[in-house]
Structure formats: C-alpha cells, structure tokens
Amino acid sequence: MAATAAPAPVPVRSPLPWSLAGRTAVILGGSSGIGLAAAELLASVGARVLLVGRDKDRLDSALARVSAAAPRPETAPAQRDAAAVRPGVGAHSDVPAAFPGAAETQADVRAMSADVTDGDAMKEVFERAGSVDHVLMTAGYPSGIGPVTELAPDAARTAVAAPVEAVLGIVRIAVPRMEPGGSFTLTSGVLVARPRPGMAAPVSAAGAVETLARALAVELAPVRVRANAIRYGAIDTPLLRSRGAAGAEGDAAIAEAGAGTPLGRFGTAEEAASAALFLMANPYMSGEVLTVDGAQSLA
C-alpha cells in the first residue's frame, strides 16, 4: 500500500502586516468596534475584506469607512507588486481577483448582512468569500449577566453554550475554504483572569472560547490552519459605551473610568485590532491566547 504523503509545511512568509496584502479576511462582527478597526487596518495594507454584521445600516456605514481606508486604484498596483517581491512571502503572494461575482470597485471590500448563529447564512457568507485566508470573530454580546442564583437554567445554558456553538459552526463551514497558513482569531475578555460577581456565565463562555482556540490549533494543524485567541481588556468601543452615557458625557465618563487603569486610559479599537493583524500575519503563531489589556489584569 502506498504511503500517504505528509502535508506540506506551513508556508513561510514575512510576519509583518504588509504580507497580508492580497489575502482574504472575513470579519464576523465587522460593523463596529474592534472588528471594524481590524477591517480598516487590513484594507490599508491591501487585504481583501468581507465585513459581516447583522445591522445593515451600520454595515453600510462600515463598508464606506473600510473602503476609504483601502489603497487608491492608482497606488494599489505598486503596493501589491512591492509585496509580491519581498523575501519570505512565499508562493501565495499573488493578488487574487475581487470576490467571486463582484464588480470591480475602488476598494476590494465587501459587506454582507448575516447572523453568525445562523448556519445557512454563514454558508452564504463563505461562498461569497471564496478562498479564505483569515477569519476574525468579534461578533456577540455578553449574555447571562447576573448572580448565578438568579439565572434561569435556559438563560445560563444559552449564555455559556451559544458562543462556543457559533464558533464551532463557523469553523466547520470555513475550514474547507481555508488556505494553508491561514488562521482563525477568536476573542475573549480580561474577566477570564479577573472574574467579578455577576459575570459567571459570560466569563465561563469566554474561558471556553480560549480553550477552544487551543484545541483548534492542534486539530487543524495537519491542514496547516492556525487558531489563536485575544483576551481583551476594556477597549473604547461602541459596546463599552453602550453600557454608559453617550456623546460628550460618554467621552468624559470613558476618560474618568480609564484614568484608574495602569496606563491611565482605555485602549483604542485600533490598538486592539492591531493584535489581530499580528496573529494573522505571523505564520508561526498558533494555539496562543494573547492578552491586550494595558496591564488591567495585573492591577
């Protein structure tokens, strides 16, 4: 019986963000906050981006912002050519065409309204994306907040199980379309390291997501797909602000609350998103839980 050929090693490429030029990234939860900031950064280095979110109005606004961040047509070819000849980029340095069936536009950025918990919708998303290099999952809102003794069984079950089920469903759909060296980036929160009362259910869910990232890193290694998680501290995003005041009062409240952290402020969405690009670009990062919290977990 003929021996089964071993899979090729994971491609060796530059670990710098510009090596993401021409790669396809699907951003689940890309209409605001960290997901939107990651999409803008990816577009700025010439990546192909597919934004996914539930709110069509917010998604349309995000699409305009991300498209504006992409290189102009007159500068993009030069940027892509430069990326293609840099040492270490490897054989997959060609720049793919636009998303299948999509018309040529100024920026290679697309958006699709979908719920990450809807399996059929996710199948459509990845069919639209075609061949995929990276998937970032920032979608979701913590549920099950409150004392354990007051949580209804169904609410507790949903709060803990739903985020993990969503990730598993997306992985099952995405992996057959993933390129070697590609990656999944999941997100959790600093409360995994520093829990507080009333957060047992969402913290359990976040901890499960971190464990899942490590498990996926091992299971997907034979097909040369990586998996990592980012444990975020308090980041100044619409989600954080939705828990307090809005507008100018919100700015003051955010500044006052952030002043008590080790670095004297909360992180920006761009600072948080840059960690996702690092994990995508570095082909030797897998199975890691990267903390981006400005030392909040140490204070």
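I'll start with the buried residues of helix α1: G33, I34, G35, L36, A37, A38, A39, E40, L42 and A43. Keep in mind that this is a predicted model.

That list covers 10 of the 12 residues of α1, so the helix is largely enclosed by the rest of the structure. Buried here means under 20% relative accessible area. The helix runs over residues 33-44 and reaches 17 Å from its first C-alpha to its last, close to the 16 Å expected at 1.5 Å a residue. Just after α1 comes G46, with a positive phi of about 95°.

Next, the neighbour. Helix α2, residues 56-69, packs against α1 at an angle of about 30°, and the two axes are 7 Å apart. Angles under 35 degrees count as roughly parallel, so α1 is roughly parallel to α2. The crossing of α1 past α2 is right-handed.

Which residues make the contact? On the α1 side they are L36, A39, E40, A43 and S44, and on the α2 side A62, R65, V66 and A69. By type, the contact of α1 with α2 has 6 nonpolar residues, 1 polar and 2 charged. As background, an α-helix has 3.6 residues a turn, so residues three or four places apart point the same way.

Last, two backbone points elsewhere. R224 is not a glycine, yet its phi is positive, about 60°. R224 sits in the loop between α6 (200-219) and β6 (226-232), and is partly exposed, with a relative accessible area of 25%. A295, also not a glycine, has a positive phi of about 70°. A295 lies in the segment after β9 (289-292) and counts as partly exposed at 27% relative accessibility.

Key
Residues are numbered from 1 along each chain as its sequence is written. This is a predicted model: local features need pLDDT of at least 70, side-chain atom pairs count only at pLDDT 80 or more; totals for chains, interfaces and linings use all residues. Side-chain values use heavy atoms; hydrogens and water are left out. Helices (H or I, at least four residues) and strands (E, at least two) are DSSP runs, numbered from the N terminus. The expected span of a helix is 1.5 Å times one less than its number of residues. Buried means under 20% relative accessible area, exposed over 50%, partly exposed in between (1.4 Å probe, protein chains only). Axes are lines fitted to C-alpha atoms, for helices over the stretch in contact, and angles run from 0 to 180 degrees between N-to-C directions. Angles under 35 degrees count as roughly parallel, over 145 as roughly antiparallel, 65 to 115 as roughly perpendicular and the rest as oblique. A crossing is left-handed if the near helix is turned anticlockwise from the far one by less than a right angle, and right-handed if clockwise. Contact means heavy atoms within 4.5 Å. Ala, Val, Leu, Ile, Met, Phe, Trp, Tyr, Cys and Pro count as nonpolar, Asp, Glu, Lys and Arg as charged, and the others, Gly among them, as polar.
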